[in-house]
Structure formats: structure tokens, C-alpha cells
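Have a look at the model first, then work through each task before reading its solution.

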Amino acid sequence: MPGIDQRDPAVGAGVKKEQGGSRSVMEASDLLTILKETGAYLNGHFLLTSGLHSNAYVEKFRVLERPEYTEAACRELARRFSDQGVTVVVGPTMGGVILAYEVARALGARAIFVEREGSGRALRRGFSIAKGERALVVEDVVTTGGSVREVIQVVREAGGDLVGVGVLIDRSASGADFGVRTESLLRLPLVTYRPEECPLCREGVPLVRPGSVVRQHES
Ligand SMILES: [Zn+2]
């Protein structure tokens with residue numbers, strides 16, 4: 001049935017098969033379904049690197065390791081900026097590398113990434129952004145937005161023309177604000193508790209440290 005946004009049972013959790021080319025391929029509810037079905041979204045009692053406790057944790061790599069979901073999500077981000085003449089998509093390591101690549105593929109743009117260097121971030125490996133080049137910044141999960149701000153700074157210092165920021169999951173309390181157009185596929189505000197006030201501690205729910213998951217990923 002051309003032109004109709006159908007669910008294809010073979011595709012699985014919430015990804016709609018794109019038919020007709022112009023329809024949205026993923027909505028917030030679809031992404032949430034995918035997060036739950038892939039085990040990316042976990043309910044429980046988690047110790048965050050900040051020392052705060054939370055009742056939910058997102059392990060983005062449960063989604064990013066699935067190209068079919070990542071591609072669909074990135075296609076939707078690309079669609080939202082498809083009229084902006086983007087020629088380069090920039091993300092921060094690690095997840096942003098994958099996001100930039102898939103969004104750039106959908107836009108017919110270049111994909112580059114910004115990585116840690118000293119106390120900040122920089123373009124390495126010969127990557128460059130031309131003066132006035134239309135650049136889109138992408139990120140998988142935004143909580144404080146620090147990584148995205150660092151990428152924005154790199155784009156601006158290179159003289160790039162920043163068209164906006166595309167985010168898969170916005171976990172910030174009040175909505176990510178980078179002073180430019182920002183598109184998020186899903187808002188999932190992070191709920192945190194100080195240990196002494198944590199209701200889960202009071203209930204005796206075992207505290208889990210997402211461990212290397214939190215400590216090793218940069219963003
Ligand atoms: Zn607790």
C-alpha cells in the first residue's frame with residue numbers, strides 16, 4: 001500500500017516502514033517502545049556518576065547496536081533538518097559518531113566527529129569545517145548538555161554556520177536549550193534523588209551502579 005505509513009511486523013518494535021518517502025519514520029512513542037524492548041530503558045535503583053540516585057537508566061548502546069533502529073531514528077532527525085542545506089553533521093564521541101554518520105547518510109552530507117583533547121574537545125584526524133559551512137550537531141542522549149556545548153564551540157570556532165542540534169533522547173529537567181533550534185525525538189526527564197532523600201533507599205531496593213556503562217562512555 002504505497003504512501004501509507006504501515007507497521008511491518010517483521011521490523012519489530014515501533015519502527016514504521018517508510019513508504020512514500022515523506023512521512024515521519026519514527027515518533028516519540030516509537031522510540032520509547034524501542035528503548036524498552038531493547039532493554040535500553042531500565043527501571044530500578046541506580047547510582048549515577050554524580051552520586052545521585054535515579055529510578056531509571058538509559059543505556060543508549062542497546063539501541064545504537066541495532067542499525068535498523070538507529071537508522072530509523074537518524075532518518076527522522078535528518079528529516080527535521082532536511083531543508084537547511086546541511087553539508088556536514090558533527091557529533092561528540094562515542095555515540096555521536098554513529099549518529100553523525102547515519103544522519104549524514106540521510107542528508108547526503110559529510111559525517112565528522114569531535115573528540116576529547118586535553119580538557120576540551122577538538123576536531124582531529126584531519127576533519128575540518130569550512131567557513132560558513134552549514135553544520136548540524138547531533139547527540140544521542142542529552143542530560144546536562146555539556147558535550148553538545150563543546151561541539152557547538154568547535155563548530156563556531158571553525159567558522160561553521162550552525163543550523164541546529166538534533167538529539168535522540170533529551171533527559172534534561174526542563175528541555176535542552178542550546179540557543180539554537182533543537183530537535184529531540186523523545187523527552188525523558190531524568191529523575192534524581194540525593195541519597196539521604198531517596199525513596200528507593202528507604203524502601204530497601206538494592207542500589208545498582210551501571211558500572212562501566214556510566215564510567216567509560218564520554219557522553
Ligand atoms: Zn537510593
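**Exercises: strands and their partners**

S3 and strand S6 (residues 134-142) run parallel to each other and share three bridges. This is a predicted model, so let us see what can be read from it.

**Exercise 1.** Find out which residue in S6 stands opposite valine 88.

*Solution.* Start from the pairing of S3 with S6, which is parallel.

**Exercise 2.** Work out which way the residues of strand S3 point, and whether they are buried or exposed.

*Solution.* Step one: S3 covers residues 88-92. Step two: Val88, Val90 and Pro92 point one way, while Val89 and Gly91 point the other way. Step three: a residue counts as buried if 20 or more other C-beta atoms lie within 10 Å of its own. By that rule, five of the five residues in S3 are buried.

**Exercise 3.** Describe how S3 pairs with strand S4, and follow the chain from S3 to S4.

*Solution.* S4 spans residues 110-117, and its pairing with S3 is parallel, with five bridges. One of the residue pairs is proline 92 with valine 114 in S4.

**Exercise 4.** In the open sheet with the order S1-S2-S9, explain why one side of S1 and of S9 has no neighbour.

*Solution.* The sheet has three strands, with antiparallel pairing. Strands S1 (41-47) and S9 (192-193) are at the edges and each has a single partner strand, so one side of each lacks a neighbour in the sheet. Strand S2 (residues 53-58) is joined to S9 by two bridges, and serine 54 has threonine 192 in S9 as its bridge partner.

Key
Residues numbered from 1 in each chain as written. Predicted model: local features only at pLDDT ≥ 70, side-chain atom pairs only at ≥ 80, totals over all residues. Buried ≥ 20, exposed ≤ 12 C-beta atoms within 10 Å, placed from the backbone. Helix = DSSP H or I, 4+ residues; strand = E, 2+ residues; numbered from the N terminus. Pairing = 2+ DSSP bridges. Right-handed = clockwise from strand over helix to strand, strands pointing away.
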